Amino acid sequence: MSDIHELVRARYAAAARVVSERASARATGPAEGCDAPRGGKACCSDNTAADDADRSCCGPSGGCCSDGEGSLYGGDAAGLPEAALQASLGCGNPVAVAELQPGETVLDLGSGGGIDVLLSARRVGPSGKVYGLDMTGEMLDLARRNQRTAGADNVRFLKGYIEDVPLPDRSVDVIISNCVINLAADKRRVFEEMHRVLRPGGRIGITDIVADDELGPRERAARGSYTGCIAGALSSSEYTRGLAAAGFEDVSITRTHEVADRMYSAVVRARRP
Ligand SMILES: C[S@@+](CC[C@H](N)C(=O)[O-])C[C@H]1O[C@@H](n2cnc3c(N)ncnc32)[C@H](O)[C@@H]1O
């Protein structure tokens, strides 16, 4: 495990613990003074998970991405376990972007509390299969609890790094990911692994943070922390070149909204020839 992995793991382990503790508190009684306790909100915010844990459950949203209530998903998230919504730390809706079809096999890189895995499971149906991959044990525990609550049988959560995917070559139809690749210690390796596990003709539908091309590493770091999904973000050109170098075709990057000065949430699509 690299230093970056450990920094990122510690932050998201803390975020998972916040959501799990709130879920346990809800199970044993009503939350004090708050009808709708809010989630970890660690992504894209410079608040640490400890700050989030300290914050009042009705406090202001610190994140620029998910608000921990599934609002990035519109009606898609209806009926999901509350803890899956509260653990939502993404910056878009990759499930909608990937246009999943019944029977497909899907891999979610950095699956967190499992929101995109559970939504994908609905779309691919009983004849399909969805893998969620995450390196953080606390997130995997939370995701597996959410899976049991949702009764999703076509789902498997795997522990591992997105730089070293524990799946065979050419075993996946679609790769999704939500606000994770910016956190990866070795992006080139992630792109190579994505290409390896996708079947020929397979596609990626990802939401992630991207920087304007003219922002250098120091300017990106001035806008937010690495673990907060900002400092480690690639620029649009770096993303496009990285995917092309790994063998992807039809790469497109579409900005959806600004999350910091000249840094954006974006939809990334590409195809393995
Ligand atoms: C910002 S959260 C997003 C979680 C989820 N995709 C969502 O939308 O709620 C980032 C997640 O990616 C995981 N992660 C970050 N870097 C990783 C890596 N190199 N390998 C595996 N998982 C990683 C973290 O443990 C965390 O659960």
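This is a predicted model: local features need pLDDT of at least 70, side-chain atom pairs count only at pLDDT 80 or more; totals for chains, interfaces and linings use all residues.
**View 1. Who lines up around the ligand.** The ligand has 24 residues around it, and the ones that come nearest are L89, G110, D134, T136 and E163. Sorted by class, that shell has 12 nonpolar, nine polar and three charged residues.

View 2. Start with E163, already listed among the residues that come nearest: a polar atom of the E163 side chain sits 3.0 Å from a nitrogen atom of the ligand. The side chain of H5 has an N or O atom that is 3.5 Å from a nitrogen atom of the ligand. As for cover, the ligand on its own has 600 Å² of accessible area, and the protein covers 100% of that.

**View 3. The ligand's cavity.** Take a look at the space that the ligand takes up: that space is the largest cavity.

**View 4. An aromatic pair, F191 with Y239.** Searching the whole structure turns up one aromatic pair. The ring centres of F191 and Y239 are 5.5 Å apart and the ring planes meet at 40°, so this pair counts as tilted. F191 belongs to helix α7 (residues 187-197) and Y239 to helix α9 (residues 236-245), so the pair ties together parts that lie 48 residues apart in sequence.

Methods
Residues are numbered from 1 along each chain as its sequence is written. Side-chain values use heavy atoms; hydrogens and water are left out. A residue is near a molecule or strand if one of its heavy atoms lies within 4 Å of it. A polar contact is a pair of N or O atoms within 3.5 Å; within protein, one must be able to donate a hydrogen and the other to accept it, and residues adjacent in sequence count only if both atoms are side-chain atoms. Accessible areas come from the Shrake-Rupley method with a 1.4 Å probe; for residues, only the protein chains shown count as cover. On a 1 Å grid over the protein atoms alone, a cavity is a set of points where a 1.4 Å probe fits but cannot get out, and a pocket is an open set with protein on both sides within 12 Å along at least five of seven lines; lining residues have an atom within 4 Å of a point. A molecule sits in a cavity or pocket if more than half of its atoms lie within 2 Å of its grid points. Ala, Val, Leu, Ile, Met, Phe, Trp, Tyr, Cys and Pro count as nonpolar, Asp, Glu, Lys and Arg as charged, and the others, Gly among them, as polar. Rings of Phe, Tyr and Trp (its six-membered ring) pair if their centres lie within 6.5 Å; planes under 30 degrees apart count as stacked, over 60 as edge-to-face and the rest as tilted. Helices (H or I, at least four residues) and strands (E, at least two) are DSSP runs, numbered from the N terminus.
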